Amino acid sequence: MKIIDPIIDPKINLTNKNFFFSSSFRNRNTFSAVEETEESVEFTIEKARSAHTFWIREICEVTLSSALARGTGISGRSPEYLETKMTKGEAVIAFASDGRWAGFSFISSWENGNFVSNSGLIVAPEFRHTGLAKKIKRKIFELSREMYPDARIFSLTSGLAVMKMNHELGFEPVTFAELPSDEMFWESCKSCVNCPILMSKERKNCLCTAMLYDPKQNAAVV
C-alpha cells in the first residue's frame with residue numbers, strides 16, 4: 001500500500017515501535033536518490049512484508065534527506081502509510097549481502113485498480129552508484145504487473161535517471177490529463193515542494209514528467 005501523506009517530520013515518533021538507527025546514517029553524504037554507475041555489489045530484493053516495518057524510520061529519514069538535498073520532486077510518505085504498503089505486500093525492499101537495508105519502493109492502486117503508481121524509489125546513500133535503483137525499479141514494475149495485470153502503470157518524476165529506467169520498461173511520456181483523477185492521489189503531491197506550481201497550473205502540468213505503461217499497447221517486458 002488510504003492514508004493521506006503528510007510531509008515527513010524529521011522527528012518521527014512511532015508509538016510502541018523500536019527502530020534501528022545505524023551509526024553510519026548520521027554521517028552519510030547525501031546524493032541524488034537514483035544516480036547510478038556499475039560496481040560489483042550483491043543485493044537481495046524481495047516483496048516487503050510485516051517483518052520489514054523495522055526499517056520504516058530509516059527509509060523515511062533517507063527519503064527526507066534526499067528531498068532536502070534535491071530541493072524538488074520528492075513527496076513525503078508517512079510511516080503509517082509505508083507500514084500499510086509493507087503489510088499488504090505492495091512494496092519491495094532491498095538488502096546488501098551483510099544485511100544492511102539498501103533500498104525501497106512501493107505501489108498504490110487508483111480508480112478501482114485501473115491505474116497503479118510506482119512510487120517512493122529510494123536507495124541508501126552508501127549503495128548508490130551500484131545499479132541498485134534500476135534493479136528495484138524493475139522489481140516494483142514486475143510486482144505491479146503481477147498484482148494488477150490489466151492496470152495502466154504510471155510514474156511521476158523529475159529525475160532523468162528514473163525517466164530512462166521507465167523508458168526501458170516501456171513507459172511513454174503522457175499529459176497529466178491521462179493520470180488518475182482521484183483526489184486522494186493528488187493529496188500525496190501536497191508534501192512536495194513543487195505543489196504550488198502544480199496547483200497554479202490547475203494540475204495540468206508541473207516540473208515532474210508523467211510517464212505511463214499501458215499493457216494493451218506493450219509486449220511483456222522480460
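Phe54, Trp55 and Phe95 come together in one aromatic cluster. This is a predicted model, and a search of the whole structure turns up 9 aromatic pairs.

- Phe54 is partly exposed, with a relative accessible area of 36%.
- Trp55, by contrast, counts as buried, at 14% relative accessibility.

**The pair Tyr81 and Phe106**
- Tyr81 and Phe106 also make an edge-to-face aromatic pair, with 5.6 Å from centre to centre and 80° between the planes.
- Tyr81 belongs to helix H2 (residues 79-87) and Phe106 to strand S3 (residues 101-110), so the pair ties together parts that are 25 residues apart in sequence.
- Tyr81 counts as buried at 4% relative accessibility, and Phe106 counts as buried at 1%.

**Where helices H3 and H4 meet**
- Two packed helices are described by the angle between their axes and the distance between the axes.
- Here, the axes of H3 (residues 132-147) and H4 (residues 160-168) come within 10 Å and cross at roughly 45°.
- H3 and H4 are therefore oblique to each other, and their crossing is right-handed.
- On the H3 side, Ala133, Lys134 and Lys137 make the contact, while H4 contributes Val162, Met165, Asn166 and Glu168.
- The residues of this contact between H3 and H4 divide into 3 nonpolar, 1 polar and 3 charged.

Key. Residues are numbered from 1 along each chain as its sequence is written. This is a predicted model: local features need pLDDT of at least 70, side-chain atom pairs count only at pLDDT 80 or more; totals for chains, interfaces and linings use all residues. Side-chain values use heavy atoms; hydrogens and water are left out. Axes are lines fitted to C-alpha atoms, for helices over the stretch in contact, and angles run from 0 to 180 degrees between N-to-C directions. Helices (H or I, at least four residues) and strands (E, at least two) are DSSP runs, numbered from the N terminus. Angles under 35 degrees count as roughly parallel, over 145 as roughly antiparallel, 65 to 115 as roughly perpendicular and the rest as oblique. A crossing is left-handed if the near helix is turned anticlockwise from the far one by less than a right angle, and right-handed if clockwise. Contact means heavy atoms within 4.5 Å. Ala, Val, Leu, Ile, Met, Phe, Trp, Tyr, Cys and Pro count as nonpolar, Asp, Glu, Lys and Arg as charged, and the others, Gly among them, as polar. Rings of Phe, Tyr and Trp (its six-membered ring) pair if their centres lie within 6.5 Å; planes under 30 degrees apart count as stacked, over 60 as edge-to-face and the rest as tilted. Buried means under 20% relative accessible area, exposed over 50%, partly exposed in between (1.4 Å probe, protein chains only).
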